[in-house]
Amino acid sequence: MEHSPTSDYQSLNSGITAGGNPVNALLVVDMQVDFITGSLAVPDGPSVVDPVKDIIGLPFHFRYASKDWHPRGHISFASTHQGKELFGKTTIYPPEDLVQAKGQDTSAIGERGLEQVLWPDHCVQGTLGARLIEPLREDHFDAIISKGVDPGVECYSAFTDPWGLLITNLERLLRERRVTDLYVVGVAGDYCVKESAMDATKFNAWNTWVVKEGVRSVSTEGKEWETMKSAGVGIINTVSQLKEKLGV
């Protein structure tokens, strides 16, 4: 069942923009070769390129793009785990050196394990698969947010990893620009888009929206949309509805 834009808009915090003009930012999540046509391509990935390109061209005040930027031998790669199968699962733990650097208790590392899907090698630093899919270019954006850069840490969100050990500069950029509304598109809807949007709501500093037409997911079940809505994310179904909201 689709939700009208009006009902979704009203579910967010209108007080954020009270007394001032909206400052709109766009976050384009992981629109990279490997996720669109490469080693870990989402179903129907190429069909999302044109909607995302159209969205990038809309009058946002700021535009950001996140990229997986993995070193070889990354913890999320099945090839890193001897005897493990592609798309199997394992448990990963926060690296001790990063826990120490944060001043956290290393004795509790064993209690902080997380289930990890083992993916094909993807978005390896310096490879073609890590590049933005054409015709998207890095100079379309005010900043590129690199994530998953540590070999021992998975990071779906464009803000931070699930243990909060490695924090990107995205929150700082949004706060410095006094952004009131963050719009999110990209791939994959049930992984990096979802985690980025849900993390964005935790700051209670801006409204967070996901544009459904500009997203493709790994699974076809669609559970991510209700999960995001429950976390306070607004869902905009189409690019046309987005344009209407932006006054275009």
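Reader: Which residue in S7 is the bridge partner of Leu182?

Author: A word on the basis first. This is a predicted model, in which local features need pLDDT of at least 70 and side-chain atom pairs count only at pLDDT 80 or more, while totals for chains, interfaces and linings use all residues. Residues are numbered from 1 along each chain as its sequence is written, and side-chain values use heavy atoms, with hydrogens and water left out. Helices (H or I, at least four residues) and strands (E, at least two) are DSSP runs numbered from the N terminus, and two strands pair if DSSP finds at least two bridges between them. Here, Leu182 has Thr208 as its bridge partner in S7. Strand S6 (residues 181–187) and strand S7 (residues 207–216) run parallel and are joined by six bridges.

Reader: What is the strand order of the open sheet?

Author: The order is S5-S2-S1-S6-S7-S8, six strands with parallel pairing. At the edges are strand S5 (143–147) and strand S8 (234–236), each of which pairs on one side only. Axes are lines fitted to C-alpha atoms, for helices over the stretch in contact, and angles run from 0 to 180 degrees between N-to-C directions. Direction ignored, neighbouring strands of this sheet are turned by 25 degrees against each other on average.

Reader: Which strands does helix H6 lie across?

Author: Contact means heavy atoms within 4.5 Å. Helix H6 (residues 189–202) lies across strand S1 (24–29), S5, S6 and S7, and runs at about 170 degrees to S7. Residues are buried under 20% relative accessible area, exposed over 50% and partly exposed in between (1.4 Å probe, protein chains only). Among the buried residues of H6 are Cys192, Val193, Ala197 and Ala200. Their cover includes S1, S5, S6, S7 and helix H7 (223–230). After H6 comes Asn204, with a positive phi near 50 degrees.

Reader: Which residues have the most contacts inside the largest nonpolar core?

Author: A nonpolar core is a set of buried Ala, Val, Leu, Ile, Met, Phe, Trp, Tyr and Cys residues joined through side-chain atoms within 4.5 Å. The largest one has 34 residues, and Val28, Met31 and Leu242 have the most contacts inside it. Two or more residues each come from S1, helix H2 (33–36), helix H3 (49–56), S6, S7 and helix H8 (239–246). H3 gives the most, four residues. Beyond its neighbours within four places in sequence, Val28 is in contact with residues including Val52, Ile56, Leu136, Phe141 and Val185. A second, separate core of 26 residues includes Val29, Leu173, Leu182 and Ala197.

Reader: Is Arg178, a residue with positive phi, buried or exposed?

Author: Arg178 counts as exposed, at 68% relative accessibility. Its phi is about 55 degrees although it is not a glycine, and its place is in the loop between helix H5 (170–176) and S6.
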